[in-house]
Amino acid sequence: MKEIPQISEAEYEVMKVVWKYEPISTPEVVEKVTKKIDWKPNTIQTMLTRLVKKKALQTRKQGRVFVYTSLIDEHEYVEQKSKLFLKQFFGGALNSMVLNFIENDQLSKEDISELKKILSERDMKEGEK
């Protein structure tokens with residue numbers, strides 16, 4: 001797995017917009033981010049610049065605007081961050097995390113039913129192999 005740069009929570013909000021709409025220009029990123037979060041355009045532009053420096057985004061000039069595309073895959077990023085979270089807080093064990101949520105009443109009956117359904121479907125797929 002390739003090295004994925006450290007991205008702050010704020011930068012991640014910008015990345016989500018780029019992933020969803022890429023290729024996307026600076027004004028479009030600013031428009032879409034400010035619809036969700038009350039940030040100034042300069043703040044968003046600074047984050048775009050940081051993400052380019054971190055090699056999370058690449059940019060090219062198109063006419064009078066810069067257009068951004070991602071250099072890291074969203075799925076890969078989420079997968080790596082999820083594994084890091086599990087390792088950091090639960091020793092890498094998913095069952096420890098789920099047990100923690102169950103013991104602290106963090107999962108509703110609907111959540112538990114959904115988990116059972118997912119596990120059941122997974123068992124059926126494994127049985128087909």
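This is a predicted model: local features need pLDDT of at least 70, side-chain atom pairs count only at pLDDT 80 or more; totals for chains, interfaces and linings use all residues.
**Exercise 1. Helices α1 and α2**

Determine how α1 packs against α2, and which residues meet.

*Solution.* Step 1: take α1 as residues 9–21 and α2 as residues 26–36. Their axes lie 10 Å apart, at an angle of about 125°. Step 2: classify the angle. Roughly perpendicular covers 65 to 115 degrees and roughly antiparallel starts over 145, so α1 is oblique to α2. Step 3: assign the hand; α1 passes α2 in a right-handed crossing. Step 4: list the residues. From α1 come Glu13, Val14, Lys16, Val17, Val18 and Tyr21. From α2 come Val29, Lys32, Val33 and Lys36. Step 5: sort the contact by class, giving six nonpolar, four charged and no polar residues.

**Exercise 2. The sheet and its helices**

Work out the strand order, the edge strands and the helices that lie on the sheet.

*Solution.* Step 1: the sheet is open, with three strands in the order β1-β3-β2 and antiparallel pairing. Step 2: β1 (24–25) and β2 (57–62) are at the edges; each has a single partner strand, so one side of each lacks a neighbour in the sheet. Step 3: check the link from β1 to β3 (residues 65–70), which consists of two bridges. Ile24 has Tyr68 of β3 as its bridge partner. α1 lies across β1, β2 and β3, at about 90° to β3. α3 (residues 41–53) touches β2 and β3, and its direction makes about 115° with that of β2.

**Exercise 3. Helices α4 and α5**

Repeat the packing analysis for α4 and α5.

*Solution.* Step 1: the axes of α4 (residues 74–90) and α5 (residues 94–103) come within 9 Å and cross at roughly 70°. Step 2: that angle makes α4 roughly perpendicular to α5. Step 3: the crossing of α4 past α5 is left-handed. Step 4: α4 contributes Phe85, Leu86 and Phe90, and α5 contributes Leu94, Ser96, Met97 and Asn100. Step 5: by class, the contact holds five nonpolar, two polar and no charged residues.

Note on methods. Residues are numbered from 1 along each chain as its sequence is written. Side-chain values use heavy atoms; hydrogens and water are left out. Axes are lines fitted to C-alpha atoms, for helices over the stretch in contact, and angles run from 0 to 180 degrees between N-to-C directions. Helices (H or I, at least four residues) and strands (E, at least two) are DSSP runs, numbered from the N terminus. Angles under 35 degrees count as roughly parallel, over 145 as roughly antiparallel, 65 to 115 as roughly perpendicular and the rest as oblique. A crossing is left-handed if the near helix is turned anticlockwise from the far one by less than a right angle, and right-handed if clockwise. Contact means heavy atoms within 4.5 Å. Ala, Val, Leu, Ile, Met, Phe, Trp, Tyr, Cys and Pro count as nonpolar, Asp, Glu, Lys and Arg as charged, and the others, Gly among them, as polar. Two strands pair if DSSP finds at least two bridges between them.
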